[in-house]
Amino acid sequence: MAVPERDASDDGPDTAVGPALRIASPAGKWVLLTTVLGSSMALLDSTVVNVALPAIGRDLDASLAALQWTVNGYMLSLAGLILLGGSLGDRFGRRRIFVVGVVWFAAASLMCGLAPNVGILIAARVLQGVGGALLTPGSLAIIQASFHPADRARAVGLWSGFGGVGAAVGPFLGGWLVDGPGWRWVFLLNIPAALVCVPVALRHVPESSGPFGAGNADSGGAAPHRRFDVLGAVLGAAALALVTYALIGARSGSAVVPVTAVAGVAAGVVFVRVERRRPDPMMPPDIFASRQFTAVNLVTLCVYAAFGGFFFLTALQLQVVAGYSALEAGTALLPATALMLLFSARSGELAQRIGPRIPLTVGPLLCATAMLLMLRVGKDASYVADVLPALVVMGLGMVTLVAPLTATVLASVDTGRAGLASGINNAAARAAGLVAVAALPVLTGMGSEAYRSADTFDAAFRRAMPLCAGVLVVGAVLAFTTVRRPAPDCRRPECRTHGSILAPPLEPRRTSHGTLGPAGPDIPGTGPTP
């Protein structure tokens, strides 16, 4: 399908010729539908599964460690490979890789839904994460490669907003499915979505490829491709996997645990050395020469480690201890995501006026307060008196910090590397969350069957919440002491409305002429930096 061209004179002599779909056109609406539907599959699965964990444990007779792997298997492959996913689209075609990601994700979802035991379920979740790493950056890259410059910012905003709606309703939808047809439908729901997404993408989404600024496949643009940093991706994923295995297995006392821990650290060291020596690294070490970028990523690690542990344990606490049904537990979590969806854009505007240091300090402190308020949630907890105040404060804290966090990441590097910076920050957030899910049960003394006993789990939960709050306080202190106001002409976020609770939104990049680049986000280091 040919990609419509636009006249370069529309934007002046410095703007490269590229695709010219408009949002109001039928073709533009089809592209938005496809990308929103595809990315929403991955967003839903990142929030919906926590609510289903008690039911999965009962049905498959799974230990707490197996439930941790059910969550972390997905996050592990997604965090480890998302920096590589977009470069495959640049080489082989963005629509093609997006469709492969959707099909892969749907096939893994079917495997999850039919899993006869927890081992198969965990393996399928790892495969789901691979599909998510292909389709998540691919969906944004398609928007960037397809829409006219005048419509790209609005298209990105619609993609981000509708994706946020999917993330926000995820826990509620998951609870409804668990209490209704069963937990397997949490995964099987992806099948009809994929059956709609794939044919629409093949029929209506224009193909594009090539490194940044090289044009696209259909228009005949071509430029040399950079090499894939496969070794870097493998080493990064291996380091995360080995450390996660050591943390989750620490309760067993096995001699294998310290060996895997050392191997994980060694893989991380080798990853850093390889990235320093490669001509085209997945994660260029020199990007961390910006002290502001390094500082804000340390804040990200603290914040999203606490968020990952909080939402994992809270979904269990509400059901195991407070006696909520899955639907009630999912509904209870709605205030936090709804507040994010409604007010994230306004929070970003406020941070532009007053600077990011105050929001990045106050936000984590509000979230830490929310986690301490969760200590009131025990047996027969009242939703209005005990649960709701904590979730509202949590939502307000997330609203306060997430948009300024993204803006500060983008402002801390050169404009041409903003998409790369966003991808690294997104991967760091996911990695922090999976490490927290792995570490918190060990740090709080949860046994392998802790979630089967209300008293045992409640005691561990009351030790976990102050730990999470403490990590957030560390993040607030880091923000207050290291974050500074960015330059007034720095890059501003395109994704201003979002509802994801486990990672900051991905951002596209711009060309050197100031328009949105046709190659989409430079997450994987796709093509030379302008």
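Which residues is Phe307 in contact with, leaving aside its neighbours within four places in sequence? In this predicted model, the list is Cys367, Met371, Met394, Met398, Leu401, Leu472 and Ile501.

Two names in that contact set deserve attention. Phe307 and Met371 touch the most other members of the largest nonpolar core, which holds 141 residues. Helix H10, residues 291-321, provides the largest share of this core, with 15 residues.

Asn50 counts as buried because its relative accessibility is 10%, and the cut-off for buried is under 20%. What surrounds it? Beyond its neighbours within four places in sequence, Asn50 is in contact with Val71, Phe311, Phe312 and Ala315.

Now for the open space. The largest pocket has a volume of about 830 Å³. Its lining is made of 30 residues, and the closest to the pocket centre are Leu240, Phe271, Met283, Ala428 and Ala431.

At least two residues each come from helix H2 (64-92), helix H8 (230-249), helix H9 (256-277), H10 and helix H15 (418-443). H8 gives the most, with eight residues.

Terms used
Residues are numbered from 1 along each chain as its sequence is written. This is a predicted model: local features need pLDDT of at least 70, side-chain atom pairs count only at pLDDT 80 or more; totals for chains, interfaces and linings use all residues. Side-chain values use heavy atoms; hydrogens and water are left out. A nonpolar core is a set of buried Ala, Val, Leu, Ile, Met, Phe, Trp, Tyr and Cys residues joined through side-chain atoms within 4.5 Å. Buried means under 20% relative accessible area, exposed over 50%, partly exposed in between (1.4 Å probe, protein chains only). Helices (H or I, at least four residues) and strands (E, at least two) are DSSP runs, numbered from the N terminus. Contact means heavy atoms within 4.5 Å. On a 1 Å grid over the protein atoms alone, a cavity is a set of points where a 1.4 Å probe fits but cannot get out, and a pocket is an open set with protein on both sides within 12 Å along at least five of seven lines; lining residues have an atom within 4 Å of a point. Grid points are joined across faces, edges and corners, and a volume is the space filled by probe spheres set on the points.
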